[in-house]
Amino acid sequence: MDLNTVLEVCDARDHREWRAGDAWLGGGTELFSAPRPRLRRLVDLSRMGWPPLRRPPGGGLEIAATCTITQLSDGVDRPLFRECCRAFPAAFKIWNQATVGGNLCTSLPAGPMIALTAALDGVCLLRSRTGIERRVPVADFVIGAGRTVLRPGELLRSVTLPAAALARRTAFRQASLYGLGRSSALVIGTSDSDGTQRITITAATTHPFQLSFAQRPTRTEVAAAIDHTIPDEAWCDDIDGLPRWRRHMTFRLAEEIRMELA
């Protein structure tokens, strides 16, 4: 879709002043998918030269905000990464343009990069217009459907996954109303070597929810934790599924994950 209100596209390397009507441009697959009548200028991040994937000295994995879904899928040979990349209801051309950062910042409930990075204890590096940086866990970065903690003009630079999280066993489940459709419920389970288990719930809810168990939980304990943690108003209600059905599928997928990790 043409954004016919945009008057200018500028290079982020030369960007100094944030104005009303500005927007960061990464891959643009979501940005160009709908009218944006308030936009006047796009600040292009494509020439920033950030390595898509980097191994920090202390271990783990740093994913640049501009890393595309193709680069992530090809660069990390782990089942959970491939499964989350395939959760996009998109053609290969979208994979080559859509970015990890764009998926997080758009903050749609079905965003599979939100699910992936939240489940692996990802931490967002945010950078203000003046260069001040702050770090926010992915689980706290998305606060609602289409809502994040980003401040005006603030930029998502990268997401770092700790080495300990990458070493965990994982289990993945997804449900949609139709084949290859947008996720209506997406649940990821992880298990540490010490027996600690975590269940991350996305897509069915307006923002990520995480459950943690010191040891292998029972079916009743998982169900009780979901009921206690997720309020009624947090279940999504849109074209991709009614809240009651999403809740039912979340319980079902969480139980399958509990059994698999056991």
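1. In helix α5 (112-119), the buried residues are Pro112, Met113, Ile114, Ala115, Leu116, Thr117, Ala118 and Ala119. The helix is thus described as mostly covered, with eight of its eight residues buried. Buried denotes under 20% relative accessible area, exposed over 50%, and partly exposed the range in between, computed with a 1.4 Å probe on protein chains only. Helices are DSSP runs of H or I with at least four residues, strands are runs of E with at least two, and both are numbered from the N terminus.

2. The model is predicted, so local features need pLDDT of at least 70 and side-chain atom pairs count only at pLDDT 80 or more, while totals for chains, interfaces and linings use all residues. Residues are numbered from 1 along each chain as its sequence is written, and side-chain values use heavy atoms, with hydrogens and water left out.

3. Helix α2 (residues 79-86) packs with α5 at an angle of about 155°, the axes being 8 Å apart. This angle makes α2 roughly antiparallel to α5. Axes are lines fitted to C-alpha atoms, for helices over the stretch in contact, and angles run from 0 to 180 degrees between N-to-C directions. Angles under 35 degrees count as roughly parallel, over 145 as roughly antiparallel, 65 to 115 as roughly perpendicular, and the rest as oblique.

4. From α2, the contact with α5 is made by Leu80, Phe81, Cys84 and Cys85, and from α5 by Pro112, Met113 and Leu116. Contact means heavy atoms within 4.5 Å. The residues of this contact divide into seven nonpolar, no polar and no charged. In this scheme Ala, Val, Leu, Ile, Met, Phe, Trp, Tyr, Cys and Pro count as nonpolar, Asp, Glu, Lys and Arg as charged, and the others, Gly among them, as polar.

5. Asp121 follows α5 and has a positive phi, near 55°. Gly122 lies in the loop between α5 and β6 and counts as buried at 3% relative accessibility. With neighbours within four places in sequence left aside, Gly122 is in contact with Thr117, Pro137, Val138, Val159, Thr160 and Leu161. Its C-alpha atom is separated by 23 Å from that of Arg216, 94 residues apart along the chain.

6. Asp121 also forms a salt bridge with Arg168 (2.7 Å, N to O). A salt bridge is a side-chain nitrogen of Lys or Arg within 4 Å of a carboxyl oxygen of Asp or Glu. Asp121 is partly exposed, at 26% relative accessible area, whereas Arg168 is buried, at 10%.

7. Arg168 forms a salt bridge with Asp192 as well (2.7 Å, N to O). This pair links distant parts of the chain, 24 residues apart: Arg168 is in the loop between α7 and β11, and Asp192 in the loop between β12 (185-191) and β13 (197-202). Asp192 counts as buried, at 18% relative accessibility. Salt bridges that share partners join Asp121, Arg168, Asp192 and Arg198 into one network.

8. A search of the whole structure finds 15 salt bridges. Among them is that of Arg54 with Glu62, whose closest N and O atoms are 3.0 Å apart. Arg54 is partly exposed, with a relative accessible area of 34%, and Glu62 is buried, at 11%.
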